Amino acid sequence: MASPVLGLVGCAAGGVEQILPRLVEPMIERGWQVAVTLTPTAATWLDATGDIEKIEQVTGLPVRSKPRLPGEESPHPKIDCYAVVPATSNTVGKLALGLADNQALTQVCEAIGLGSVPIVVFPRINAAHARQPSWGGHIAALTRVGVRLVMGDDVWPLHEPRSVPGKELPWAAIIDAIVSAVQRP
Ligand SMILES: Cc1cc2nc3c(=O)[nH]c(=O)nc-3n(C[C@H](O)[C@H](O)[C@H](O)COP(=O)(O)O)c2cc1C
């Protein structure tokens with residue numbers, strides 16, 4: 001059977017600098033192909049550290065952050081599961097509202113509309129983001145359409161901004177959510 005393809009979308013949040021060793025490589029070891037797309041800000045961060053090149057070497061696919069030209073083919077294969085990890089409060093809000101103003105959002109907004117590709121989202125947020133008055137509505141809207149949210153006190157307790165620097169993302173829970181999303185669509 002062909003390898004399942006993970007469409008990994010990384011946003012400009014803490015932990016994005018660890019996606020290669022903590023998510024891309026473990027998924028490849030599990031037999032997946034991984035196609036990475038970054039938000040424009042995340043792309044500037046990982047470009048500055050040289051990580052985009054490293055991810056491309058490991059995945060064998062270009063890291064996308066810009067839309068293709070109208071006459072170009074997509075450089076990524078067909079996606080079996082999307083994972084937005086880490087997801088910023090900004091990108092979660094735009095996804096819930098259907099705002100597709102960059103390549104990363106374009107892909108996931110379309111997948112939400114199609115309804116046939118599972119989508120896992122890990123909101124890498126703090127307590128202040130969650131107090132923003134629209135936050136609860138965004139989470140409810142995404143849950144209603146079947147987006148699998150990795151969140152809650154057991155996986156990501158909310159702390160005040162900058163109170164827990166270097167907090168490790170719940171990689172094992174994220175990987176479990178991706179694997180089970182494909183096993184039980
Ligand atoms: C060093 C740094 C760390 C950040 N960490 C987070 C974070 O963990 N979660 C979050 O929602 N926003 C975080 N932000 C803010 C986002 O980067 C900002 O809202 C940005 O516009 C998000 O763009 P994107 O959603 O297109 O990636 C951080 C910003 C900086 C400069």
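## Elements and model

Helices (H or I, at least four residues) and strands (E, at least two) are DSSP runs, numbered from the N terminus. This is a predicted model: local features need pLDDT of at least 70, side-chain atom pairs count only at pLDDT 80 or more, and totals for chains, interfaces and linings use all residues. Residue numbers start from 1 along each chain as its sequence is written.

The chain holds 8 helices and 5 strands. Read from the N terminus, the order is β-α-β-α-α-β-α-α-β-α-α-β-α.

## Overall dimensions

The radius of gyration of the chain, taken over C-alpha atoms, is 15 Å. For 185 residues, a compact globule would have a value near 16 Å, so the chain agrees with that expectation. Along its principal axes, the C-alpha trace spans about 40 × 35 × 30 Å.

Of the 185 residues, 39% are buried (20 or more other C-beta atoms within 10 Å of the residue's own; exposed means 12 or fewer, partly exposed in between; C-beta atoms are placed from the backbone). Among contacts between residues at least 6 apart in sequence, 78% join residues at least 24 apart.

Strands β1 and β2 share 6 bridges and run in the parallel sense. Leu8 has Val36 of β2 as its bridge partner. Strands β3 and β4 pair over 4 bridges, also parallel. Ala87 is partnered there by Pro123 of β4. Val120 has Arg148 of β5 as its bridge partner, and Val121 stands opposite Leu149 in β5.

Strand β1 covers residues 5-10 and is mostly covered itself, with 6 of its 6 residues buried. Val5, Gly7 and Val9 point one way from β1. Leu6, Leu8 and Gly10 point the other way. Residues on both sides of β1 are buried.

How many residues of β4 are buried? The count is 5 of its 5 residues. Ile119, Val121 and Pro123 face one way from β4, whereas Val120 and Phe122 face the other. These residues of β4 are all buried.

## Helices α4 and α5

Helix α4 takes in residues 89-97, and helix α5 residues 103-114. Their axes come within 9 Å and cross at roughly 40° (axes are lines fitted to C-alpha atoms over the stretch in contact; angles run from 0 to 180 degrees between N-to-C directions). The two helices are therefore oblique to each other (under 35 degrees is roughly parallel, over 145 roughly antiparallel, 65 to 115 roughly perpendicular, the rest oblique). On the α4 side, the contact uses Thr91, Lys94 and Leu95. On the α5 side, Leu105, Val108, Cys109 and Ile112 take part.

## Backbone details

Which residues does the cis peptide bond join? Val85 and Pro86 are the pair, with omega about -10°. Pro86 sits in strand β3, residues 81-87.

Arg162 is not a glycine, yet its phi is positive, about 60°. Arg162 lies in the loop between β5 and α8, the helix of residues 171-183. Is Arg162 buried or exposed? Arg162 is exposed, because 8 other C-beta atoms lie within 10 Å.

## A residue on helix α3

Glu53 belongs to helix α3, residues 51-59. Glu53 has 12 other C-beta atoms within 10 Å, so this residue is exposed. Glu17 is 36 residues away from Glu53 along the chain. The C-alpha atoms of Glu53 and Glu17 are separated by 13 Å.

Notes: The radius of gyration is taken over C-alpha atoms; the globule rule is 2.2 Å times the number of residues to the power 0.38. Two residues are in contact if their C-beta atoms, placed from the backbone, lie within 7 Å. Two strands pair if DSSP finds at least two bridges between them.
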